[in-house]
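Colleague: Could you walk me through this one before I set anything up? I'd like to begin with the ligand site.

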Amino acid sequence: MNMSNNGFYGNFGGQFIDDKELLEELNNIDKAFQVLIKDKNFQDELDYLMKNYVGRPSPIYYAKNLSKKYGNKIFLKREDLNHTGAHKINHCLGEALLAKKMGKTKIIGETGAGQHGLALATACALLGLGCDIYMGEVDIKKAKQNVDKMKLLGANIICVTSGTKTLKEAVDEALCAFKKEYKTALYAIGSVVGPHPFPMIVEYFQSRVGMEARLQFLDSNLTLPDYVVACVGGGSNAIGIFNGFIDDDVQLIGVEPLGKGEKIGQNAASINYGKTGIIHGFKCKVLQDDNGNIVDAYSVACGLDYPGVGPKHCFLNETNRAKYVTINDDEAISAFYELSRKEGIIPALESSHAVAYAIKLSKTVKNKKILVNLSGRGDKDLDFIVNNFPMSKYL
Ligand SMILES: Cc1ncc(COP(=O)(O)O)c(C=O)c1O
């Protein structure tokens with residue numbers, strides 16, 4: 001497994017934190033994690049939960065109807081079928097087990113679309129941990145169903161009303177709470193972002209997706225895919241599936257949200273439109289204005305509207321190992337409807353960006369094998385989409 005070099009991936013990542021006690025705690029978390037992953041009992045427990053609680057391995061489904069229409073073989077890695085409906089549970093269970101091992105009594109987390117929050121609340125209910133979830137007021141309204149589920153599972157939802165009232169501010173406040181409560185709580189970040197060791201920890205747990213996918217794909221197709229496509233918010237589902245194919249001759253494609261357009265403030269495509277900077281204690285491509293102020297990110301998919309991005313993605317981009325493209329709101333919504341109609345699978349709006357790119361790519365290449373990470377299911381998005389973006393406009 002490809003660990004970072006002291007928290008750096010090339011020029012990106014690190015620990016840009018000036019609080020000495022917090023730095024020490026981050027190093028304690030790193031040490032505890034290193035011990036934990038070598039512990040056979042932990043690995044056995046994780047494997048058991050992944051199989052019997054989450055429902056892994058998630059299948060790879062050949063999307064026959066979509067493939068026929070677009071002239072390529074399109075496959076979906078069905079993370080939407082996991083317990084709680086997305087890939088987030090893969091790292092949340094790992095993070096919660098780590099918290100238990102470290103003797104913490106509570107998990108602090110943030111959420112955008114509610115999927116990370118829901119997965120954390122689930123892991124905390126299972127393992128008997130307290131759970132505080134920070135969530136922007138705007139996202140709370142969009143993902144009401146997930147909020148109700150988190151409350152049902154026993155989590156406290158802290159409504160964030162600063163700034164754009166979305167994911168960035170939720171991370172700001174969750175980090176602040178962690179600074180105050182780290183003696184008893186573990187911060188379980190929702191993606192491959194934040195100061196070291198958080199990106200490395202999330203990457204480790206998500207890599208199961210790619211390892212699994214590579215074996216499954218070879219097993220049923222006797223060859224590897226030509227393309228692996230995944231949406232990129234912070235980048236956890238993308239890193240997870242990319243890692244399975246990183247040493248292969250497979251084109252890795254991360255899909256960033258172009259939202260309403262290319263202008264600053266209209267999208268959340270940090271690699272395509274950001275500049276190197278520091279956000280939430282790590283260095284990456286950040287959406288910022290000419291004076292270096294971080295600007296608001298926007299995407300119709302609230303799990304993608306983060307102005308930074310995982311440091312390893314910045315590195316993969318810079319070294320040309322992966323390519324980062326964009327898909328706008330309308331293209332993602334069309335794909336949301338199209339996958340529902342053609343395959344009977346309602347994708348999360350985040351994942352719809354990856355599906356949309358597989359469709360777009362099919363206009364330029366033919367007879368290729370495209371593996372899409374279907375990171376989550378769209379139940380959470382249904383009311384919002386149906387009420388605001390009627391199908392008649394998109395199909
Ligand atoms: C279903 C789904 N996919 C993707 C994402 C984006 O996160 P990441 O880029 O870390 O995979 C989210 C975030 O909430 C999500 O809910």
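Modeller: The ligand is surrounded by 20 residues, and the closest are Gln115, Gly233, Ser236, Gly303 and Gly376; a residue counts as near if its C-beta atom, placed from the backbone, lies within 6 Å of the molecule or strand in question. Please keep in mind that this is a predicted model, in which local features need pLDDT of at least 70, side-chain atom pairs count only at pLDDT 80 or more, and totals for chains, interfaces and linings use all residues. Residues are numbered from 1 along each chain as its sequence is written.

Colleague: Which helices supply at least two residues of that shell?

Modeller: Those are α5 (115–127), α10 (236–245) and α14 (349–361); helices (H or I, at least four residues) and strands (E, at least two) are DSSP runs, numbered from the N terminus.

Colleague: And how do the shell residues divide into nonpolar, polar and charged?

Modeller: Six are nonpolar, 13 polar and one charged, where Ala, Val, Leu, Ile, Met, Phe, Trp, Tyr, Cys and Pro count as nonpolar, Asp, Glu, Lys and Arg as charged, and the others, Gly among them, as polar.

Colleague: Which domains does the shell draw on?

Modeller: At least three residues come from each of domain 1 (22–49 + 88–199) and domain 2 (55–85 + 207–393), with bounds that come from an automatic or database domain assignment. The centres of the two domains, taken over C-alpha atoms, are separated by 22 Å. Their contact takes 28 residues from domain 1 and 32 residues from domain 2, two residues being in contact if their C-beta atoms, placed from the backbone, lie within 7 Å.

Colleague: What does the domain 1 side of that contact consist of?

Modeller: α4 (88–101), α5, α6 (137–142), α7 (144–152) and α8 (167–181) each supply at least two of its residues, and that side divides into twelve nonpolar, 13 polar and three charged residues.

Colleague: Changing topic, is Cys176 buried or exposed?

Modeller: Cys176, which is found in helix α8, is exposed because it has 12 other C-beta atoms within 10 Å; the cut-offs are 20 or more for buried, 12 or fewer for exposed, and partly exposed in between, with C-beta atoms placed from the backbone.

Colleague: Now the sheets. What is the strand order in the four-stranded one?

Modeller: That open sheet has the order β7-β6-β5-β8 with parallel pairing, and two strands pair if DSSP finds at least two bridges between them. β7 (156–160) and β8 (185–187) each have a single partner strand, so one side of each is left without a neighbour in the sheet. Strand β6 (residues 130–136) is joined to β7 by five bridges, and Met135 stands opposite Cys159 in β7.

Colleague: What about the six-stranded sheet?

Modeller: It is also open, with mixed pairing and the order β3-β4-β14-β9-β10-β13, and its edge strands are β3 (60–62) and β13 (322–328). Strand β4 (residues 73–78) pairs with strand β14 (residues 369–374) in the parallel sense over six bridges, and Ile74 stands opposite Ile370 in β14.

Colleague: Which strands does α10 lie across?

Modeller: α10 lies across β4, β9 (227–231), β10 (251–259), β13 and β14, running at about 165 degrees to β9; axes are lines fitted to C-alpha atoms, for helices over the stretch in contact, and angles run from 0 to 180 degrees between N-to-C directions. Helix α13 (residues 329–343) also packs on the sheet, touching β10 and β13, and its direction makes about 85 degrees with that of β13.
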